[in-house]
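Student: Could you take me through the reading of a structural model, feature by feature, giving the general idea before the particular case?

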Amino acid sequence: MKLLIKFWHVLREASGEGDYARYCAHLRAHHPDRPLPSEKQFYLERLKHKYARVSRCC
Amino acid sequence: MSIPADGDLKVAATASRWPRLLRAAVWVAISVAGAGAVAAIALRRHEPINAMWLIVAAACVYLIGYRFYSRFIALKVLELDPRRATPAERLDDGRDFVPTNKWIVFGHHFAAIAGPGPLVGPTLAAQLGYLPGTLWILVGAVLGGCVQDFVVLFASIRRNGKSLGQMAREEVGPVAGFTALFAITSILIIMLAVIALVVTNALRGSPWGTFTLAMTIPIAMLMGIYLRFLRPGKVLEVSVLGFILVMAAVIGGQYAAQSPLLARWFTYDARALALMIIAYGFAASVLPVWLLLAPRDYLSTFVKLGVIFLLALGILAVRPTLHMPAISRFIDGTGPVFAGTVFPFCFITIACGAVSGFHSLISSGTTPKLITRETQARMVGYGSMLLESFVAIMAMVAACVLQPGMYFAINSPAAIVGADPVGATAVISSWGYPVTAPDMEQLARLVGEQSMFARTGGAPSLAVGMAHIFSRTLGGGHFTAVWYHFAIMFEALFILTILDAGSRVGRTAWYPSVLLTGVLIVAGWGYFLYQGVMDPLGGINSLWPLFGIANQLLASVALCVSTTIIIKMGKQRYAWVTMAPMLWLVITTQTASYLKIFSPNPRIGFVAEAERLTGLLAAGQIPADKIAATQRLIFNNRLDAVVTALFAGMVLVILLDSARHWYLLLSRRRAPVLCEAEFVPSAIAGD
């Protein structure tokens, strides 16, 4: 069971589901003055960024 | 500037509590096993061998390459410094630059570099027998491809994650910088055309496959809407949902193919499919990313990683016999899949899996911004490419488990063996690879297709091989058709993702420019795709070598930049590490380009084919209704010759420009100034 939970955490981290929480933690720690983006805003902004360059290979 | 890494070199070494002698014994055993397996696959010529020989040979070569050669590069050539803070640590912004667990970086990097290339290339090269391709995949990866990925990744980490184009401009010069950008754009267009051609050929006359792939579009959109409106960013749950729907579409395709109405809606010839894929490519490239591209990218990444894992398990469980001979008669250059001798054509047919220039774009993209410690570049850069090389070996196995006669019947274009089943099988049998028309009919029935003749492009024969392996592991013969269509769907799914992602590169936020660049890039690959579909020789014969040359051109650029950086670091005595693979690529691409342009054999030389057709036209031997098509063929062959010459010319430009630069550096006429970021000591403890 412990192993399963660990696996789920790794999967979340690897798939990018944890990105938003991590970014919020980063903002709170380093830039408490800046407003937090909503999860939707963050998701859309990251997608735009991700696909602006070659992200997949042959 | 870097501080001398005196006693710290050992930090990068594998610390182990094992006694030294025992470790040495293990490595001697691995070397002996590897040498034995390589000798077995090279020497047992007259009897079918088991695929495990290839797998063992590959595993041993990779272990030795990783343990010794990549360690040498890490410690002696690049002097990776674990005390130096990486951009992920220094510039940590919680978004782009994030110190990430090395296994997760490894997974991301591998998922980004592994595409259809390492699956299709070895399948095509299997016409030469399994030996030439296998040896090139092993040697090319360990000494070339992995080195390129590793050194470029290292260089980009030292430069805050700069791209290959930027590094070429800053470290070599503006000529190299411009050549790099031009090479990237042209390889992109040729790559998109050739992978679109692979999908077209796989779906031609296949209502089941076409239905499944068509269904992935609304499924992806559904996932996109879910991710955008219902549960933003919840990628995992939606991927599970999407996967279930896609599997339903794979199974449902069977019923679509059986229903007369649906079958009519989803059965198309190559020309119609090509036009639909072009239209799709344009539409997809102007739709918002969240609606189609992003959700399908998640889906195809998970499916891809899962299938690679399953294929490895399947091969280990089934341990199939390779029926293809070690060396086929087609090493003389007369092969039906692609024309040309082992040298140079084997080396450009298999690019991904051995050396792929495209990887240098990924190594200088997102990956360098995630690496926590410089020393991890070895495992991520060198290691991921070893894994991709292993994927190529598995593709080679999947192609060679087929009876050679069937392999050639699937992969030979009708223009070479004829369109009539009895005639085609007679021609192939006369080559010494027996196959009969009823065999092929039975195969088609088994995989749920109308015909398996002349399905060029590699994907169908790979899918047959995979279905063969999977259905012997799980579920017996009943599921062969489902496995076959699952394999086709898996290839088509991520090829569409790449088409879509590739058509978006290089655009700005300004909407008219989005439309314009979309139109230009789609028109570029669309033109070559259409040309390939209309080519009576099947298109793969002309386009795949162009793609190989383009990919190796980019690898030459990356290795030139790497060599320059190594020389500037004062490590000129180790410059051969990147210079040797670069010279090999220059020799193969130049020879291949020369032959593709000037060979008097019309199946190889573009000019010779144009002249042959012009001669036929002048002699009045072309029927009136084929005159326009022939004129187009003549034009396309000339265009391909010009494109090949352009690629070959760019290889020479970048080589001469770099060589001039190296001469100035080595003769001390130019000071070696590196454009690295400042050294900052790392604050992250541990490994």
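Tutor: Let us begin with the inventory of elements, bearing in mind that this is a predicted model. Chain A has three helices and zero strands, and from the N terminus on its elements run α-α-α.

Student: How much confidence does the predictor place in chain A, and which elements have the lowest and the highest mean pLDDT?

Tutor: For chain A the mean pLDDT is 87, with 100% of its residues reaching 70 or more. Among the elements of chain A, helix α1(A), residues 2-15, has the lowest mean at 87, while helix α2(A), residues 19-30, has the highest at 92.

Student: What does chain B contain, and how does its radius of gyration relate to the globule rule?

Tutor: Chain B holds 28 helices and two strands. Its radius of gyration is 25 Å, close to the 26 Å that the globule rule gives for 687 residues, so chain B is as compact as a globular protein of that length. The box filled by the C-alpha atoms of chain B, taken along the principal axes, is roughly 75 × 60 × 55 Å.

Student: How should I read the packing of two helices, for instance α10(B) and α11(B)?

Tutor: One takes the distance and angle between the axes, then the handedness, then the residues that meet. The axes of α10(B), residues 207-230, and α11(B), residues 235-258, come within 8 Å and cross at roughly 155 degrees, and the two helices are therefore roughly antiparallel to each other. The crossing in which α10(B) passes α11(B) is right-handed. By class, this contact has 16 nonpolar, six polar and no charged residues; among the residues that meet are Trp208(B), Phe211(B) and Met215(B) in α10(B), and Leu241(B), Leu245(B) and Val246(B) in α11(B).

Student: What are the angle and the axis distance for α9(B) and α28(B)?

Tutor: Helix α9(B), residues 174-203, and helix α28(B), residues 627-666, pack at an angle of about 155 degrees with their axes 9 Å apart, which makes α9(B) roughly antiparallel to α28(B). Here the crossing is left-handed. On the α9(B) side the contact includes Val175(B), Thr179(B) and Phe182(B), and on the α28(B) side it includes Met650(B), Ile654(B) and Asp657(B). The classes in this contact are seven nonpolar, two polar and one charged.

Student: How many residues of each chain are in contact, and which helix of chain B supplies the largest share of its side?

Tutor: In general, the size of an interface is often given as the accessible area lost when the parts come together; here we count residues instead. Chain B brings 33 residues into contact with 25 residues of chain A.

Conventions
Residues numbered from 1 in each chain as written. Chains lettered and ligands numbered in written order. Predicted model: local features only at pLDDT ≥ 70, side-chain atom pairs only at ≥ 80, totals over all residues. Axes fitted to C-alpha atoms, helices over the stretch in contact; angles between N-to-C directions. Helix = DSSP H or I, 4+ residues; strand = E, 2+ residues; numbered from the N terminus. Parallel < 35°, antiparallel > 145°, perpendicular 65-115°, else oblique. Left-handed = near helix turned anticlockwise from the far one by under 90°. Contact = placed C-beta atoms within 7 Å. Nonpolar A, V, L, I, M, F, W, Y, C, P; charged D, E, K, R; others polar. pLDDT = per-residue confidence, 0-100. Rg over C-alpha atoms; globule rule 2.2 N^0.38 Å.
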